[in-house]
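Hi,

Here is the model I said I would pass on.

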Amino acid sequence: ADLPDDPAFAEVKATAVAALERASQWQEEYLAALTNEDEAAATVLVNEIDEIQAGLASVMLDALIAFRTEADLAIVELAGEFDEYLAELAS
């Protein structure tokens, strides 16, 4: 996975890489379960992929919330500095 190395999204990258590494083997196992008409194994595998997708979505949401919080704080800080600058210009 050629995802950028951004500390804010390190966990997202690790989770995505793990999912991609599992995908090939998962596909083989799922196709084998279907071929063998092993409904129980197929169900377990479908549940696994659903959990992988949910986990990735959760990790991504957490990272985006953290990023948004940092961005909002930076905006507030810059707005305060800008107000101070304007006050200095007015005096």
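Helix 1 and helix 2 cross in a left-handed sense. Keep in mind that this is a predicted model. Helix 1 covers residues 10-35 and helix 2 covers residues 39-90, and their axes come within 10 Å of each other, crossing at roughly 165°. Anything over 145 degrees counts as roughly antiparallel, so that is the label for helix 1 and helix 2.

Which residues make the contact? On the helix 1 side they are E11, V12, T15, A16, A19, R22, W26, E29, Y30, A33 and L34. Facing them from helix 2 are A41, A42, L45, V46, E48, I49, I52, L56, V59, M60 and A63. Sorted by type, the residues of this contact come out as 17 nonpolar, four charged and one polar.

Now helix 2 by itself. With 52 residues, helix 2 spans 75 Å between its first and last C-alpha, close to the 76 Å expected at 1.5 Å a residue. Its buried residues are A42, L45, V59 and A63, and helix 1 is included in what covers them. Those four names also turn up on the helix 2 side of the contact with helix 1.

Further along, D72 also sits in helix 2.

P7 belongs to the segment before helix 1, while A63 is one of the buried residues of helix 2. They lie 56 residues apart along the chain, and 9.9 Å separates their C-alpha atoms. P7 itself counts as exposed, at 74% relative accessibility.

One last item is the loop between helix 1 and helix 2, where E37 is found. Its phi is near 55°, a positive value in a residue other than glycine. How exposed is E37? Its relative accessible area is 72%, and the cut-off for exposed is over 50%, so E37 is classed as exposed.

That's what I have for now.

Cheers

Technical notes:
Residues are numbered from 1 along each chain as its sequence is written. This is a predicted model: local features need pLDDT of at least 70, side-chain atom pairs count only at pLDDT 80 or more; totals for chains, interfaces and linings use all residues. Side-chain values use heavy atoms; hydrogens and water are left out. Axes are lines fitted to C-alpha atoms, for helices over the stretch in contact, and angles run from 0 to 180 degrees between N-to-C directions. Helices (H or I, at least four residues) and strands (E, at least two) are DSSP runs, numbered from the N terminus. Angles under 35 degrees count as roughly parallel, over 145 as roughly antiparallel, 65 to 115 as roughly perpendicular and the rest as oblique. A crossing is left-handed if the near helix is turned anticlockwise from the far one by less than a right angle, and right-handed if clockwise. Contact means heavy atoms within 4.5 Å. Ala, Val, Leu, Ile, Met, Phe, Trp, Tyr, Cys and Pro count as nonpolar, Asp, Glu, Lys and Arg as charged, and the others, Gly among them, as polar. The expected span of a helix is 1.5 Å times one less than its number of residues. Buried means under 20% relative accessible area, exposed over 50%, partly exposed in between (1.4 Å probe, protein chains only).
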